[in-house]
Each structure stands twice: as structure tokens, then as C-alpha cells.
Amino acid sequence: MAPEDFLPASVFRLTDGKPFPPTSPKLDASKTKITRTETPKQVPALDAPELSAHNIFTDHMVYVRWTAASGWEDPTIIPHGPLSLPPSASVLHYATACFEGMKAYRGHDGKLRLFRPWHNTARMLASAARISLPSFDPDELLKLIHQLCALDGPRWLPSTATGSSLYIRPTIVGTDDSLGFQGPRAAILFIIMSYWPSPVVSDVGAGAGAGLRLWTSDKDTVRAWPGGSGSAKLAANYGPSILAHTQAKRHGCDHVLWLFGCDGRVTEAGAMNFFVIWRTEKGLLQLVTPSLDEHTILAGVTRQSVLDLARERLSLSASVDLPNGVEPVESVECTFTIHDIAKAAEEGRLVASFGVGTAASVVPVGEIHHESKKIVVESNASPHISLLQRWMANITCGREQSSWTDVVDESGSL
């Protein structure tokens, strides 16, 4: 799929409205060479405590080199292991790195599925363009992901592991050995997969305050800003946010609710997109999330999926019948502030809040700590979150057949 089918055209604003043209030879998954490991790792049990560290990886990885002079080399799948980088590598000094986060899900029918992966590969192309890394055909990147899943999926996510998933991390880093301030003249594309336990979903029926606890960022601590790189999935966006995340933990919270500007505009929650459900002063029920207009928000795949589901199934013009007692909602992408949330809570109009992302899917927010005040969100007052959780799980695990999923062919297992 074309990147513009998912992403705002403005993400390519610095590249004349389109990605940099791929150099020749282009990335070509049909030329992949495979070297199987001679020492397969032990696959952990589904409930192994060590999985929480997210550092248990499958046996193999995709590895492809690129140079400005020679283009993309033939892709390889090799045993998972360390990378070799010069100490002057561009990524180490100028943070020329972008990545994606996606999952392969083992369905209840035994099939291995990717969820809207063409959105991830399109977004990675946009991120690469933003950080001056080499361009590529997103379809070829998706083929490489399929090849790695087909090789490691059957052993690491067997048919008995229904409902579980592997986390997939495609990454491109600049490896140019020059300290000159310039676009990298060499790069590496690699793809690794981590074993991922089944997500623990908060109990939205547990009462007021059940769910994530968010701590709002200080006015002088900003994750992204208008015209910046917040709309791209760059490594440089994440490292500086760790300090605020640590502060949030010290305050007894789970994540940072990132604000921007003197008026406290809401952007993201940790590394997740953020939603609220509130009733307007005129009594209209709305599902609201920050817009993508200013490049302060990542165009999340789960974010877009929640919006698509809400517009298709929860709106006044929904194509399916709403369950009894579920009120239709209007889905809105707009600018709103922490003060808007606080006012809605004070007036009894704040119905629910939740974060969304690949790792957590849809997870309720129970509390928002802002300055000296605590906003308690009664997530159990809204059935919409549990509906969205169930719909997403049904699609990713194959209970509901959907054009959003992409089944991996494991028959040959490479």
C-alpha cells in the first residue's frame, strides 16, 4: 500500500512530498539467503517470569546492508547475534535510527497473523525519510518480515500458544564511519523478534481509579513539538523521554501523559496514543484523541484501528447493531488540554480514558495526576473500552475474519 494511504502527506514535507527514491539495486526479498542457527535456543514457557524483561529473542534475524554507492545488498537471515559498528557510526553520534513495533499473533485457528502490517512498513518508510536513511519498497520489507515469521514462528509460537504473540522490531541504523554532519552513506536494516507474553488487560469493572496511572509532564519537559519529528518513529524521540518516565514511576504512576505548550495540550501517554470519552456541554458523547496535524503525535496503527472501529461500529450511523445499553459516540480528532479533561471530570462529563499501542492494545486509564490534583477516571462507567478490547482481540486472533490481518504462510517454514 502507498504510504499516503495511511499517513498524512505532510510527513514527507522535507522531501518534496514523497520519500527519497530508492537507490539501485533496490531492496529485494526474493534474493534472501538463509543461514540457520546450529544452536537453537530453548523456547520459554508461556508463563515464564523472565519474559517480562522483553530480552528473549527468537533464533534468527534479518540483516541487510546498504551503501549510497551500491544500494541494497541481497538480504540475509542469520542467527540472532550482535551487530558490528565502527565507533564513529552515524547512529552513535547523530541518532540516525528508525524502527517499527508490530506483532505476529497465533490465532485460535492455528494461523499466524500480522495486523495491518502495511501501515507499519509505510510508516517506517516515512521515518527513514525523516532521518535521512535509505528508502525502500515497503512491500519488500513486509516480505522480509513474512520470511522471518515463517522461519521462527512454528517453533517459537506453536499452534498450542493460541492468543500469544511475537513482537517484531524492524530497524534501520546509519553506519557511516564519518563524523561529518551529513546523511548516512551506509546503513543496516535488521529485523528481530522477541517472545511476548499475553497482555494483562486492566479490569475496567474494578471501580473508580482502576487502570493506568498517568503523571503529567512538566512545562519544561516536552516529548515533541510542532514541526518536529514526533510523527516519525525515531530512536531520538524515545531516549530523552526515559527521564520523565522515571520521574512518573517515582510518583507512583505508570506512564507520562505528555503535554505541550503553556495551555497544556495533550499529546501522548508514554509511548501510546491517548483517548478520552466525554460528554460535551450539550450532552453529546464523544471519543476524542489528539490530531496528527502538528507532528506531535505518532500515527499509531492501533490508534487508527480504534478510530476505524468506533466510526464503523459505535457511531450513530454504525453498520452493526450496538449492544443493549451502549450509547453511540462521535469520534473526534482535535486539540484539547489537560484543563479540558479536568473540567469535564469536575462537571461529571468525563466518562473514560484509555491508551492504545501495539504492546498493550487497548488499556484503560484510571487516574491522571496533574500538579497537585488527581483526576479519577471511572472507566467502569463506559462499556466502550471493553468492546474495543474484544473487537481488537477477535481480529488479531482470528475469531473474526478481517481484511486487516495478513496471514503468514508457514507451510514451507523456509
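Angles between axes under 35 degrees count as roughly parallel, over 145 as roughly antiparallel, 65 to 115 as roughly perpendicular and the rest as oblique. This is a predicted model, in which local features need pLDDT of at least 70, side-chain atom pairs count only at pLDDT 80 or more, and totals for chains, interfaces and linings use all residues. Residues are numbered from 1 along each chain as its sequence is written, and side-chain values use heavy atoms, leaving out hydrogens and water.

**Exercise 1.** Work out how H6 and H8 are oriented to each other.

Solution. 
- Locate the helices (DSSP runs of H or I, at least four residues, numbered from the N terminus). H6 covers residues 301-313 and H8 covers residues 384-396.
- Take the angle between N-to-C directions, on a scale from 0 to 180 degrees, with axes fitted to C-alpha atoms over the stretch in contact. The angle is about 110°, and the axes are 11 Å apart.
- Apply the cut-offs: H6 and H8 are therefore roughly perpendicular.
- List the contact (heavy atoms within 4.5 Å). H6 supplies Thr302, Ser305, Val306, Leu309 and Arg313, while H8 supplies Leu388, Trp391, Met392 and Ile395.

**Exercise 2.** Decide whether Arg349 is buried or exposed, and find what its side chain reaches.

Solution. 
- Recall the cut-offs: buried is under 20% relative accessible area, exposed over 50%, partly exposed in between (1.4 Å probe, protein chains only). Arg349 has 13% relative accessibility, so Arg349 is buried.
- Follow the side chain: it reaches the backbone oxygen of Arg279 at 2.7 Å.

**Exercise 3.** Classify Phe20 by accessibility.

Solution. 
- Phe20 lies in the segment before strand E1 (33-34).
- Its relative accessible area is 34%, so Phe20 is partly exposed.

Definitions and conventions:
Polar contact = N/O pair within 3.5 Å; in protein donor to acceptor, adjacent residues only side chain to side chain. Helix = DSSP H or I, 4+ residues; strand = E, 2+ residues; numbered from the N terminus.
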